[in-house]
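Please load the model in your viewer and keep the selection tool to hand. The tour below goes from one selection to the next and says what is found at each stop.

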Amino acid sequence: MYCPKCHVEYVPSFTRCAECNVELVEVLPTAKPARRHSTDGLVTVFSTHDPGLAAVAESLLQSADVRFSVRGMLLPYPGAFPVDLQVLAGDADEARRILADLAAPESQP
Ligand SMILES: [Zn+2]
């Protein structure tokens, strides 16, 4: 048993840390990737060859106040390569939900 706060190991008969007065855990939580708001961890949530569609997706994200970055717009041949909209990993679920309607028609055969 371990104290999740001070990480001291206790024998199994203990259930609380005497120092911290918190419940002991069997396994110390490993460093889970918490919801981070840094520049790394960008996730591509939308990809299209259609610059117009990309613009619509951008405005949708903008109106939903989701921060995003665009990759591919500055390529010399617009439309030749997909435009990727990337958001922070923590915002990916929300962004995908916002863009779900937009992405659906293109995924249809
Ligand atoms: Zn403790």
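This is a predicted model: local features need pLDDT of at least 70, side-chain atom pairs count only at pLDDT 80 or more; totals for chains, interfaces and linings use all residues.

Residues are numbered from 1 along each chain as its sequence is written.

**The whole chain**

Begin with a cartoon of the chain, whose secondary structure comes to two helices and three strands; helices (H or I, at least four residues) and strands (E, at least two) are DSSP runs, numbered from the N terminus. Followed from the N terminus, the elements run β-α-β-β-α. Of the 109 residues, 16% count as buried, where a residue is buried if 20 or more other C-beta atoms lie within 10 Å of its own, exposed if 12 or fewer, and partly exposed in between, with C-beta atoms placed from the backbone.

Next, select residues 42-48 (S1) and 68-71 (S2), together with residues 83-88 (S3). These three strands form an open sheet in the order S1-S3-S2, with antiparallel pairing; two strands pair if DSSP finds at least two bridges between them. S1 and S2 stand at the edges and each has a single partner strand, so one side of each is left without a neighbour in the sheet. Neighbouring strands are turned by 25° against each other on average, direction ignored; axes here are lines fitted to C-alpha atoms, for helices over the stretch in contact, and angles run from 0 to 180 degrees between N-to-C directions.

Now look at the two pairings in turn. S1 and S3 are joined by six bridges, and Thr-44 has Gln-86 in S3 as its bridge partner. S2 and S3 pair over four bridges, and here Val-70 stands opposite Leu-85 in S3.

Stay with S3, which is mostly covered, since five of its six residues are buried. Select Leu-88, which lies in this strand and is buried, with 20 other C-beta atoms within 10 Å. A distance drawn from Leu-88 to Leu-42 gives 4.6 Å, C-alpha to C-alpha, although the two are 46 residues apart in sequence.

**Helix H1**

Select residues 51-63, which make up helix H1; this helix lies across S1, S2 and S3 and runs at about 15° to S3. H1 has 13 residues and reaches 18 Å from its first C-alpha to its last, close to the 18 Å expected at 1.5 Å a residue (the expected span is 1.5 Å times one less than the number of residues).

Which residues of H1 are buried? They are Ala-54, Ala-57 and Leu-61, and they cover an arc of only 60° around the axis, which puts them on the same side of H1; the arc is that of the directions from the helix axis to the C-beta atoms. Turn the view to the face away from this buried side, and the exposed residues Gly-52, Ser-59, Gln-62 and Ser-63 are found there. Asp-65 follows H1 and has a positive phi, near 65°.

**Before the sheet**

Finally, select His-7 in the segment before S1. Is His-7 buried or exposed? His-7 counts as exposed, with 9 C-beta neighbours inside 10 Å. Not counting residues up to four places away in sequence, His-7 touches Tyr-2 and Leu-28, a contact being a pair of residues whose C-beta atoms, placed from the backbone, lie within 7 Å.

Note on methods: Two residues are in contact if their C-beta atoms, placed from the backbone, lie within 7 Å.
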